[in-house]
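Notebook open, model loaded. I want to jot down what I look up as I go.

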Amino acid sequence: MQYSKPKMEQLVKNDTELKKQLNQIMKEHDLEKSFALKALYHSVVKDGGRYQRDYQEL
């Protein structure tokens, strides 16, 4: 499964919990949104993550 920035943006847009997590990652690690999205992808989507099925459906 490949990382796709537009898919991740849509997934975050559709889920308030992911929005909170994204903002927390950006704040805690002082990251730009694009890097925080990639970090979020690796933590909650990739390799059987909680949101993998939702991501694949986009």
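Below are my entries on helix packing, the core and a few loop residues.

**Ground rules.** I am working from a predicted model, where local features need pLDDT of at least 70, side-chain atom pairs count only at pLDDT 80 or more, and totals for chains, interfaces and linings use all residues. Residues are numbered from 1 along each chain as its sequence is written, and side-chain values use heavy atoms, with hydrogens and water left out.

**H2 against H3.** I looked up how helix H2 (residues 16–29) sits on helix H3 (residues 33–44): their axes come within 9 Å and cross at roughly 120 degrees. That makes H2 oblique to H3. Helices here are DSSP runs (H or I, at least four residues), numbered from the N terminus. Axes are lines fitted to C-alpha atoms over the stretch in contact, and angles run from 0 to 180 degrees between N-to-C directions. Oblique is what is left after under 35 degrees (roughly parallel), over 145 (roughly antiparallel) and 65 to 115 (roughly perpendicular).

Next I listed the contacts (heavy atoms within 4.5 Å). On the H2 side I find Leu18, Gln21, Leu22, Ile25 and Met26, and they meet Lys33, Ala36, Leu37, Ala39, Leu40 and Val44 of H3.

**Core.** Which residues have the most contacts inside the largest nonpolar core? I get Met8, Leu11, Val12, Leu18, Leu40 and Val45, in a core of 14 residues. Such a core is a set of buried Ala, Val, Leu, Ile, Met, Phe, Trp, Tyr and Cys residues joined through side-chain atoms within 4.5 Å. Buried means under 20% relative accessible area, exposed over 50%, partly exposed in between (1.4 Å probe, protein chains only). H1 (5–14), H2 and H3 each supply at least two residues of this core, and H3 gives the most, with 5 residues.

I also checked Val12: leaving out residues up to four places away in sequence, Val12 touches Leu18, Lys19, Leu22, Leu37 and Leu40.

**Loop between H2 and H3.** Asp30 is in this loop and has a positive phi of about 50 degrees, although it is not a glycine. Asp30 counts as exposed because its relative accessibility is 69%. Leu31 is in the loop between H2 and H3 too, but at 31% relative accessibility Leu31 counts as partly exposed. Beyond its neighbours within four places in sequence, Leu31 is in contact with Ile25, Met26 and Ala36.

Asp47 has a phi near 55 degrees, a positive value in a residue other than glycine. Asp47 is exposed, with a relative accessible area of 70%.
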